[in-house]
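Visitor: I'd like a close look at one part of this molecule. Keep it brisk, and show me what surrounds that part.

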Amino acid sequence: MIHLRSQKEITAIEYAGRILAQTLERLIPLAKEGISTKELDAEAEEFIRKKGAKPAFKGYRGFPASVCTSINEEIVHGIPSERRLKNGDLISIDLGVEKDGFFADAALTLGVGKIGKAAQNLIKIAWLSLLNGIAKARPGERISDISHSIEQTAHKGNFSVIREYVGHGIGTNLHEEPPIPNYGEPNKGPRIKKGMVLAIEPMLCMGSWKTEVLKDGWTVTTKDKKLSVHFEHTVAVTDDGPRILTLWKKKNLLQ
Ligand code: MG
């Protein structure tokens, strides 16, 4: 069932979303050469709890940390560890926040120090694909119009779209109906309605979209070990169109 949220519920989700955005704003300047992903995770958890909220990923299906940190060929679900960021790495940070029973979910990818031209382009196109997907989150469109718009943007940039992991509805659970693939034909699937709250999350890669899961049981990487990036926002559908509930401030996408 796809929930249609009242204005009051959307406001509650947005409150969780604001804590999430503030958490990312704290992490962005810390994600530099030399910091470990475990240190980033600890910083996020402390900040979220100080706000009276909970890190929604911690314990979710047994996930051991508050944020997912996925480096380079890792796509999603990377577990924070002693691994330290190096100059030229791409780090994706994915984060869920629960506040008073309402959930928000967002992710971004950052370049550490100096990254290559191709990696910069991958980040730019993935970000653009998220914005183009969000633009379709308006009454009258269909879920696959979001998917198609993301895929078109990725293909114009000559990048592939990960197919095995998808976006989702969100609200009183971290993952709700409907699934939102990042590829596919337009004009299919459920009609988008006012009150839907959607976590839209394109994952783009340089090579093939085929993936594998590492021995830790969580970390998803590209099979060909080429770079992958991930952006996500939680978005409410209103009469006036999409409203982003997790909007973080960042001066420059490429730092
Ligand atoms: Mg998500």
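Visitor: How many of the residues of β14 are buried?

Guide: Some ground rules first. This is a predicted model, where local features need pLDDT of at least 70 and side-chain atom pairs count only at pLDDT 80 or more, while totals for chains, interfaces and linings use all residues. Residues are numbered from 1 along each chain as its sequence is written, and side-chain values use heavy atoms, with hydrogens and water left out.

Now the strand. In β14, 6 of its 6 residues are buried. Buried means under 20% relative accessible area, exposed means over 50%, and partly exposed lies in between (1.4 Å probe, protein chains only). Helices (H or I, at least four residues) and strands (E, at least two) are DSSP runs, numbered from the N terminus. In a regular strand, side chains alternate between the two faces of the sheet. Here both faces are covered. His233, Val235 and Val237 are buried on one side, and Thr234, Ala236 and Thr238 are buried on the other.

Next, the sheet. β14 belongs to an open sheet of 5 strands in the order β8-β7-β9-β14-β15, with antiparallel pairing. Two strands pair if DSSP finds at least two bridges between them. The edges are β8 (176-180) and β15 (241-244), each pairing on one side only. Neighbouring strands are turned by 30° against each other on average, direction ignored.

Take the two neighbours of β14 in turn. On one side, 4 bridges join β9 to β14, and the two run antiparallel. Valine 197 stands opposite alanine 236 of β14. Threonine 238 stands opposite glycine 241 in β15. A hairpin through 2 residues connects β14 to β15.

What packs on these strands? Helix α3 lies across β9 (197-200), β14 and β15, running at about 20° to β14. Helix α4 (residues 143-156) packs on the sheet too, touching β8 and β9, and its direction makes about 35° with that of β8. Contact here means heavy atoms within 4.5 Å. Axes are lines fitted to C-alpha atoms, for helices over the stretch in contact, and angles run from 0 to 180 degrees between N-to-C directions.

Look at isoleucine 200. Beyond its neighbours within four places in sequence, isoleucine 200 touches residues including Leu130, Ile146, Ile180, Phe231, His233 and Val235. Ile200 is also, with Leu198 and Leu204, among the residues with the most contacts inside the largest nonpolar core, which has 52 residues. Such a core is a set of buried Ala, Val, Leu, Ile, Met, Phe, Trp, Tyr and Cys residues joined through side-chain atoms within 4.5 Å. A second, separate core of 15 residues includes Val197, along with Ile10, Phe102 and Phe103.

Now the aromatics. The whole structure has 3 aromatic pairs. Rings of Phe, Tyr and Trp (its six-membered ring) pair if their centres lie within 6.5 Å; planes under 30 degrees apart count as stacked, over 60 as edge-to-face and the rest as tilted. Phenylalanine 63 and tryptophan 218 have ring centres 5.0 Å apart and planes at 85°, so this pair is edge-to-face. Phenylalanine 63 is buried at 3% relative accessibility, whereas tryptophan 218 is partly exposed at 23%. Tryptophan 127 and phenylalanine 231 are also edge-to-face, at 5.5 Å centre to centre and 65° between the planes. Tryptophan 127 lies in helix α3 (residues 117-135) and phenylalanine 231 in the loop between β13 (228-230) and β14 (233-238), so the pair ties together parts 104 residues apart in sequence. Phenylalanine 231 is buried, with 1% relative accessible area. Trp127, Phe231 and Trp248 form one aromatic cluster.

Strand β7 (residues 167-169) joins β8 through 3 bridges, running antiparallel. Glycine 167 has isoleucine 180 as its bridge partner in β8. Most peptide bonds are trans. The bond from glutamate 177 to proline 178 is cis, with omega near -5°. Proline 178 sits in strand β8.
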